[in-house]
Amino acid sequence: FDDVEKVIENGSARYSLPESIRSLEWLETNGHCVDNMKVGPSTIPAAGRGAFATRHINKGSVISVSPLLLFHREHFKMKVPDGRQTQQLATNYCFGHPRSTLLFFPYAPLVSLINHDSKLPNAEIRWFKKNDKVKDDMLERELIADLNESKKVDVMIEYVATKDIQPGEEIFLDYGKEWEHAWEDHEEHWIPEEDAAKYITYSSFMSINSDKPVRTKNEQEESPYPDNILTACFYEYFPHKGYIDTYDVGKDGTTTVWDEWQETDYLFYAHQYLRPCSILTREVQPNGDDVYSALMLNPPDTTSYPEMMVPISEHRVVSGIPRKAITFVEMPYDTDQHLKSAFRHPIGIPD
């Protein structure tokens, strides 16, 4: 009962992680600043996002410190539908050495957004000084070759400024000659996918359509959205028995349930409430707002929240949906990063 009382008093999260709150003295000795960077569009054309300094950082100062997950390279091998073998996307965010079978995945905030520049880098990585002995012991272990699962290791890396960095300046690492040669070879031999000219990125699509009326299923037959974009609704699913009286059972045994949309607590903040949906109708209210009805579909992940899944034998039609409860999402694994010909290579660890 002592444990139950602790859970009631402090909550289950604090009970599971009793050392999650530290004293100022402990933080001054062991803590590391992780707010030296912010995210923004990279200054490198077509590079996506980058990491930018939030304040002046002196040469030799630590920009960030990151813990690491340790993987065997074999973990990131995968087969694509046509039978070819390639690498997982996460490979691009790992550090590795050509003479090692290990990959280190850093997971501190924003460090994965630091882009490559071999000509004018302003940062470098190094092993965290306090971990030198732990790091040496780990790298000398022969058991690492038998690693069968990812492991959190007691080793960290530091991102250190190699020159003074001004506020708002993008932070760059030199990924190494092997990475650069691999990228140059990729650029030389890359061939665009079929229909590449029709592809539109999610961010570009949203910049045009985020506040426009959503097309209905019938309207999309004449003016379809891109193949990589889906309509999605914020909706909290409940089983209809004992909750919704308006339903009909068809001759084939399929139950059609009609529900009225409601804004529930955390609806727009919990990802499990966002699901694909097919827009059936759009009506303009007297105040000028659009209201929609939609057929609710299940998300690709059907295991994490089984109670939120619409049964195969049910059609859930929801009316009274405001425009704010409808958005667009990307088809899973359908971005340009997931193309069969996309670049895959770990960042180099210096000798």
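Reply: Glu158 has a relative accessible area of 6% in this predicted model, and because the limit for a buried residue is under 20%, Glu158 counts as buried. The side chain of Glu158 meets that of Arg126 in a salt bridge, with 2.7 Å from N to O. Glu158 belongs to strand E10 (residues 151-161) and Arg126 to strand E9 (residues 123-127), so this pair ties together parts that are 32 residues apart in sequence. Arg126, for its part, is partly exposed, with a relative accessible area of 30%.

The count of salt bridges comes to six, and among them is the one between Asp35 and Arg55, whose closest N and O atoms are 3.0 Å apart. Asp35 sits in the loop between helix H3 (24-30) and strand E1 (37-41), while Arg55 sits in the loop between strand E2 (49-53) and strand E3 (62-72), so the parts that they tie together are 20 residues apart in sequence. Asp35 is partly exposed at 42% relative accessible area, and Arg55 is partly exposed at 35%.

Another salt bridge joins Lys77 and Glu74, with the closest N and O atoms 3.0 Å apart; Lys77 is partly exposed at 35%, and Glu74 is partly exposed at 46%.

Turning to covalent links, Cys233 and Cys277 form a disulfide with sulfur atoms 2.1 Å apart, and both Cys233 and Cys277 are buried.

Definitions and conventions. Residues are numbered from 1 along each chain as its sequence is written. This is a predicted model: local features need pLDDT of at least 70, side-chain atom pairs count only at pLDDT 80 or more; totals for chains, interfaces and linings use all residues. Side-chain values use heavy atoms; hydrogens and water are left out. A disulfide is a pair of cysteine sulfur atoms within 2.5 Å. Buried means under 20% relative accessible area, exposed over 50%, partly exposed in between (1.4 Å probe, protein chains only). A salt bridge is a side-chain nitrogen of Lys or Arg within 4 Å of a carboxyl oxygen of Asp or Glu. Helices (H or I, at least four residues) and strands (E, at least two) are DSSP runs, numbered from the N terminus.
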